[in-house]
Amino acid sequence: MDIEKLKASAIGEIDARRYQLSELSLKIHSNPELGFQEVKAAAWLTRYLEENGFSIQQGICELPTAFRGSYGQGKPAIAILAEYDALPNLGHACGHNLIAASAVGAGVASKLAIDQLGGTILVIGTPAEELYGGKVIMAERGAFGNLDMAMLVHPGVYDTATTEALACQALEVEFFGKAAHAAARPDAGINALEAMLQAFTAINSLRQHIKDKARIHGIITDGGQAANVVPAHSAGSFLVRAEDDTYLDELNQRVLDCFIGAATASGARLEYKWGDIRYTPLRNNLTLAQLFTQNMQSLGRKVQFSDPSKAFGSTDMGNVSQLVPSIHPFVAIAPVEIATHSPQFASAAASEAGIHGLLDAAKALAMTVVDLVANPEIATKVKQEFRQNK
Ligand SMILES: [Zn+2]
Ligand SMILES: [Zn+2]
């Protein structure tokens, strides 16, 4: 069978499963589960894969809601990654319900190409993207070691084949001062809140002189208990982001110096902890991105490469992309003025446009799998590009 016929049959498979896939996605949407608690979503997704001939391993990497579904054998081993965690209070405001359904749909629609041409198609369930960087943990525990390519399509407001994502690390800080009556004995107090405010001021000054795309942002999670008591304790959560790992190391130290300086100035004691999870920047495999672009365009979508001047944030797919040739395209499901992580985007993730995006993403992923198994020379090129740019 030729490539075009295989692609047409993959599209046909997705169209035939349109109802099942949209139901699956809507069911996950209306049962939002936070990171590492995605018990229902993982069960529904693995059941769907199992019913369609995939062999399933549940709870891989010692993470109960992570899974691995595989079909076929040998090389190339092509993985489509699924995310399915929701956000606190906002539900599926990042549209991971659509990622999940498009991943299993693409996996199942790739079966014919695998049957005819060989290779392995995997659907890997990766929990807790939003809060805990599930893929960072899975990468450390070897989940992506034997793969040849990895792909994940995220819903958004543009159709893009590539994504700019920043290195990122969290910092938790606490200042310990001394309580005292704020009016009667202010001289006896050490003000932990003022220490925190000084650190913010120092970071705001630093921000004028950092490189483009670097980001520092934080919140105060404890600023004292009563206005008439000198705050003895303050706490905050911060994120530091940079375009590359080297600059993140440098910036982390400069941000920490802002807290150390504030501790010295105020007399409050500083305690801090860097997050265990560190997101790496996303390496886009342009050969893969090109294939995906052509396939999306054949479905009538205008796909662009992302604008390198615009960074989107950080994603744990970055850590996967350091190990395996990867892409993390976006499929548009909402107008540009709607921001992800908003209630409006949560609605879009259950809308007609959301389902349309899910189906197109699944089709383009399955068509890209066809390209990769049908053209060993393209698969080789994907890997060559990965090695050269390392
Ligand atoms: Zn998100
Ligand atoms: Zn997301």
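Modeller: Let us begin with burial: Cys94 and His154 are both buried (under 20% relative accessible area, where exposed is over 50% and partly exposed in between, with a 1.4 Å probe and protein chains only). Please note that this is a predicted model, in which local features need pLDDT of at least 70, side-chain atom pairs count only at pLDDT 80 or more, and totals for chains, interfaces and linings use all residues. Residues are numbered from 1 along each chain as its sequence is written, chains are lettered from A and ligands numbered from 1 in the order in which they are written, and side-chain values use heavy atoms, without hydrogens and water.

Colleague: Which protein donors does the zinc ion (ligand 2) have?

Modeller: Donors are N, O and S atoms within 2.8 Å of the metal (3.2 Å for Na, K and Ca); water is not among the atoms, so sites may look incomplete. For the zinc ion (ligand 2) they are Cys94 (SG), His96 (NE2) and His154 (NE2), at 2.0 to 2.3 Å. Cys94 is in the loop between E3 and H4 and His154 in strand E6 (residues 154–156), so this pair ties together parts 60 residues apart in sequence. Helices (H or I, at least four residues) and strands (E, at least two) are DSSP runs, numbered from the N terminus.

Colleague: Which residue bridges the zinc ion (ligand 1) and the zinc ion (ligand 2)?

Modeller: Cys94 does, and the two ions lie 3.1 Å apart. Cys94 has a relative accessible area of 9%, whereas His341 is partly exposed at 37%.

Colleague: How is a pair of packed helices read?

Modeller: Two packed helices are described by the angle between their axes and the distance between the axes. Axes are lines fitted to C-alpha atoms, for helices over the stretch in contact (heavy atoms within 4.5 Å), and angles run from 0 to 180 degrees between N-to-C directions. The axes of helix H10 (residues 286–298) and helix H13 (residues 352–374) come within 9 Å and cross at roughly 130°.
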